[in-house]
Structure formats: structure tokens, C-alpha cells
Amino acid sequence: MKVIAIEGPSYAGKSTAIRHLRRRGYEDRAHITDCYVKQLGCQDAAPPARTASAAEQITAFETFMAVEEERVRTALASAKPFAILDRSVDTLLAHAHALDALFGYAVQHRLRDRLQLLPHLRPDHTLYFDVPAEALGLRRKTAGHTAAEPDYFLLEPAFLTHTRDYFYARAQPPVSREVTVLPADTDKDDIAHAVEALVSFWMR
């Protein structure tokens, strides 16, 4: 099974791209998964984005890896030659990388070691949506989400910088075998069509 992951910050356009692929019939050949939070069933079931300690960050990782285990089982049971993921284990490691940098948790290497013992889908290709923080904030405001939750850790500039560095700098390489960067500060529909073109190429 060839695995294709779509990565990037919140409000980058990943879900729009996934919906577009579904509408275009890609589920006929590929098992498509939603992001971890959706698979947990509800927002309240997700661990906090800003964990309070290294131990809490490790617990959060284990929570998401339980979802990943289910992803593996479901993808293999589909018997389809391709899987398309809305986020992958690299999301979890990028998050840990950012919190290590911001708060000194020093857990990413422990999570990498733990990952060796856990079932997960390793992407063959990862498409990373690169969007400036200002554009992400505007999209969130346009969506009407700032009033209910004005403080949103996942779009704080320092967090975005460090998660981006995980995919760019690669001091510790992503799990994905290949990362392709897509500048995604344009119209989301245009982004979705660009994603389709790349996914179609990879699925040949």
C-alpha cells in the first residue's frame, strides 16, 4: 500500500483538499482517513494542544497512537492500493518538536523510540501546506472561530515556526519518505486542485 499524507497547520486547507478528493472519486482506489481529532469522535476527547508537562505530552501521543493503530487496521482491511491521510504521525512528532523547543520537554526522541514499537502508517509522500501565520489567522477569523476561542495555541507564531521547522529543517527527519512543500496561501479551491494533480501523479 502506498501512503500519501497531507500535512500543514490548522486552517491551511487540508480538510478542503480531502473533501475535494472524495468528491472526485478517489475513494474508489484509495482509503481516505480524516484527521485524528475527527477520528476521536469529538473535540473534548482530544488532548490539549498545549500540554502542561512532558508526561502529559507523552500521554497525548499515546492517545493519538491508539487512533493510528485503528487507522492501520482499517486501511489494511480496505485492501485498496493507496491510503490518503489527513495528517500522519509526523504531525505528532512536529507537535512534540515544537513543545520541546518552547517548553524544554525533551520528549521527541522518546516518542521516536516508542514509535518503533507501535503500528503506524509511514507515508511514502507527504504534501506539506505552507501558509503564513497572518493568512491562517485571517482564515480563522473569516470562519467565525475567533470569538468563541480567541486564544488558539495552534496558530501562535512561535508554535507555527517550530512545527514548520520540523518539516523544513529536518534536524531529525520526518517519518515520511518524501516531503513536498506546497505554498498554500492562495484560494483553497485552487489548492485542492493542485493537491489532486500531485496525488494523481503519485497514484500512477
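Guide: Valine 199 touches Ile4, Leu21, Tyr26 and Ile84, leaving aside residues up to four places away in sequence; contact means heavy atoms within 4.5 Å. This is a predicted model, in which local features need pLDDT of at least 70, side-chain atom pairs count only at pLDDT 80 or more, and totals for chains, interfaces and linings use all residues. Residues are numbered from 1 along each chain as its sequence is written, and side-chain values use heavy atoms, without hydrogens and water.

Visitor: Why is isoleucine 32 called buried?
Guide: Buried means under 20% relative accessible area, exposed over 50% and partly exposed in between, with a 1.4 Å probe and protein chains only. Isoleucine 32 has 6% relative accessibility, and therefore counts as buried. Isoleucine 32 lies in strand β2; strands (E, at least two residues) and helices (H or I, at least four) are DSSP runs, numbered from the N terminus.

Visitor: What does isoleucine 32 touch?
Guide: Not counting residues up to four places away in sequence, isoleucine 32 touches Ile18, Leu21, Arg22, Tyr26, Glu27 and Ile84. Isoleucine 32 and isoleucine 84 are 52 residues apart in sequence, yet 4.7 Å apart in space, C-alpha to C-alpha.

Visitor: What makes a set of residues a nonpolar core?
Guide: The members must be buried Ala, Val, Leu, Ile, Met, Phe, Trp, Tyr or Cys residues joined through side-chain atoms within 4.5 Å. The largest such core has 26 residues, of which Leu21, Ile84, Phe129, Val195, Val199 and Met203 touch the most other members. Helix α8 gives the largest share of this core, four residues.

Visitor: How do you know that β4 is largely enclosed by the rest of the structure?
Guide: Six of the six residues of β4 are buried, so the strand is largely enclosed. His125, Leu127 and Phe129 point one way from β4, and Thr126, Tyr128 and Asp130 the other way. In a regular strand the side chains alternate between the two faces of the sheet.
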